[in-house]
Amino acid sequence: MPQAKAAVLRQTNTPMTIETIDVGPVAAGDVLVRIKAASLCHTDLEAIEGAIAINLPAVLGHEAAGEIAEVGAGVTDLAVGDRVVLSWNPHCGSCFYCERAQPILCRQFLGNGPKGFHFDGRPRLSCDAIPMHQLMYLGGFAEYAVVPVQAAIRVPDAMPFDRAALIGCGVMTGVGAATRVAALRWGDVAVVIGCGAVGLSAIQGCVLAGAGSIIAVDPNPARRQLARAIGATHACDPAEAVDLARSLTDNRGADVIIEAAGRSETFRLSAEAVRPGGQIVWLGKVAVNDQVSFRWGSLMQEKRIVRSSYGGAKPAQDFPMLARAYLDGKLKLDEMISARIPLEQVNEGFAALKRGETVRSVVMF
Ligand SMILES: NC(=O)c1ccc[n+]([C@@H]2O[C@H](COP(=O)([O-])OP(=O)(O)OC[C@H]3O[C@@H](n4cnc5c(N)ncnc54)[C@H](O)[C@@H]3O)[C@@H](O)[C@H]2O)c1
Ligand SMILES: [Zn+2]
Ligand SMILES: [Zn+2]
């Protein structure tokens, strides 16, 4: 069993500690991945702050890429040396929800993922013989991860590891929200609320889906500037969003809203800025027991609201397509990497994410 340097969260709201952990066993249907890059997503921050409950101690990190170092029994589709992006939605492929093309609701996935263990309910990591949990079957903030084979998706060798890592959560979620979840039609006026990695990816998804106008909404002027550089046609402060959407739509409101900020006021704004009969996709989240209130009138008139985890991801299909789009110059990822850091700086990286200074910091191994 290999040992690995890992960032371990032992208690919420405390810094992660850099420790040496034991990785394995690599059971049947598992693969051992040598992690090369892992980026810092807002969802990890929510786990650190206790806004989403996970079992501890745990290795976080769910936006990661690396190469296959070992395959477990029965694994035939991947070989040592293959370059992979990790998916945080490994699924069985045959349960009620998988059969209905909703892998994000897979019973096996939802069964043990929240507990931080594998499909068989057993751990794959330990420290001094004490089991250690993996966020979403992964645990990317470590030199090695053992994951179910469904969680390792092969991408072209030409795909750089740091940019490949981004695909695993934020990019998939944002692009997927526009291309797979929203019923976006050519020429539509779209509003994207929140311009972190998820929102910036949603903007690019709107471009790929043929939106007409794309309004980027963020209180941070630097984010608005980045949004324009990445494909938004307009950008504004949240206070101006409703008026701007109406001014472009004969006073109707936007055809599609993608919310990617995760605040009560941004959920409310999405309902106020969409047109009658329009479509809202919520990607952000507040703590699970928080309440969010709405002006009832803002919800009337046939508005369709979907809350999506992972933007309708079909990782095995989508990750290679997203990598190809990057390599062909159709998807901008370089702009989203604000810093490349060693594992030892992971806590500082999350502090910078919380302050809104970085879009994505990427831990390089
Ligand atoms: N649905 C999913 O599968 C999924 C996946 C990843 C992240 N998320 C969620 O998506 C959200 C964004 O994630 P991220 O990693 O891009 O975070 P981030 O912190 O990098 O970005 C959030 C952005 O929202 C902006 N913002 C803050 N207040 C705002 C307001 N009132 N109006 C408009 N914008 C505002 C911030 O300035 C920032 O640019 C988080 O809530 C995260 O939990 C969801
Ligand atoms: Zn399933
Ligand atoms: Zn994420």
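This report walks through the sheets, helix packing, ligand shell and backbone details of a predicted model.

## The open sheet

One sheet is open and has 6 strands. Their order is S13-S12-S11-S14-S15-S16, and the pairing is parallel. The edges are strand S13 (234-236) and strand S16 (304-307). Each edge strand has a single partner, so one side of each is left without a neighbour in the sheet. From one strand to the next, the twist averages 15°.

Strand S11 (residues 189-193) and strand S12 (residues 213-217) run parallel and are joined by 5 bridges. Within this pairing, Ile193 stands opposite Val217 in S12.

## The barrel

A barrel is also present. It is closed by 5 strands in the order S1-S2-S7-S8-S4. Here the pairing is mixed.

Strand S7 (residues 125-127) and strand S8 (residues 130-134) show an antiparallel pairing, with 3 bridges. Cys127 has Ile130 in S8 as its bridge partner.

## Helix H5 between two partners

Two packed helices are described by the angle between their axes and the distance between the axes. Start with helix H5 (residues 197-208) and helix H6 (residues 221-230). Their angle is about 25°, and their axes are 10 Å apart. That makes H5 roughly parallel to H6, since the angle is under 35 degrees. The crossing of H5 and H6 is right-handed. On the H5 side, the contact uses Leu200, Ile203 and Gln204. On the H6 side, it uses Leu226, Ala227 and Ile230. By class, the residues of this contact are 5 nonpolar, 1 polar and no charged.

H5 also packs against H4. The angle between H4 and H5 is about 45°, with the axes 7 Å apart. The two helices are therefore oblique to each other. The crossing of H4 and H5 is right-handed. From H4, the contact includes Leu166, Gly170, Val171 and Thr173. From H5, the contact includes Ala197, Val198, Gly199 and Leu200. Overall, the contact of H4 with H5 has 11 nonpolar, 9 polar and no charged residues. Leu200 and Gln204 of H5 take part in the contact with H4, and they also meet H6.

## Helix H4 against H10

Helix H4 (residues 161-181) has another packing partner, helix H10 (residues 315-327). Their angle is about 105°, and their axes are 10 Å apart. H4 and H10 are therefore roughly perpendicular to each other.

H4 brings Arg163, Ala164, Ile167, Val171, Met172, Val175 and Gly176 to this contact. H10 brings Asp318, Phe319, Leu322, Ala323 and Tyr326. The residues divide into 9 nonpolar, 1 polar and 2 charged. Val171, Val175 and Gly176 of H4 contact H10, and they are also listed in the contact with H5.

## Around ligand 1

Which residues come nearest to ligand 1? They are His42, Gly194, Gly196, Gly262 and Gly284, out of 33 residues around the ligand. The shell divides into 13 nonpolar, 14 polar and 6 charged residues.

Several helices take part. Helix H1 (42-48), H4, H5 and helix H8 (264-273) each supply at least two residues of the shell.

## Backbone details in the loops

Most residues other than glycine have a negative phi, and most peptide bonds are trans. Some places in this model depart from that pattern. The peptide bond from Gly24 to Pro25 is cis, with omega near 5°. Pro25 lies in the loop between strand S2 (17-23) and strand S3 (30-39). Leu56 and Pro57 are also joined by a cis peptide bond, where omega is about 0°. Pro57 belongs to the loop between H1 and strand S4 (58-59).

Asn13 has a positive phi of about 60°, although it is not a glycine. Where is Asn13 found? Asn13 sits in the loop between strand S1 (3-9) and S2.

Notes. Residues numbered from 1 in each chain as written. Chains lettered and ligands numbered in written order. Predicted model: local features only at pLDDT ≥ 70, side-chain atom pairs only at ≥ 80, totals over all residues. Axes fitted to C-alpha atoms, helices over the stretch in contact; angles between N-to-C directions. Helix = DSSP H or I, 4+ residues; strand = E, 2+ residues; numbered from the N terminus. Parallel < 35°, antiparallel > 145°, perpendicular 65-115°, else oblique. Left-handed = near helix turned anticlockwise from the far one by under 90°. Contact = placed C-beta atoms within 7 Å. Nonpolar A, V, L, I, M, F, W, Y, C, P; charged D, E, K, R; others polar. Pairing = 2+ DSSP bridges. Near = placed C-beta within 6 Å.
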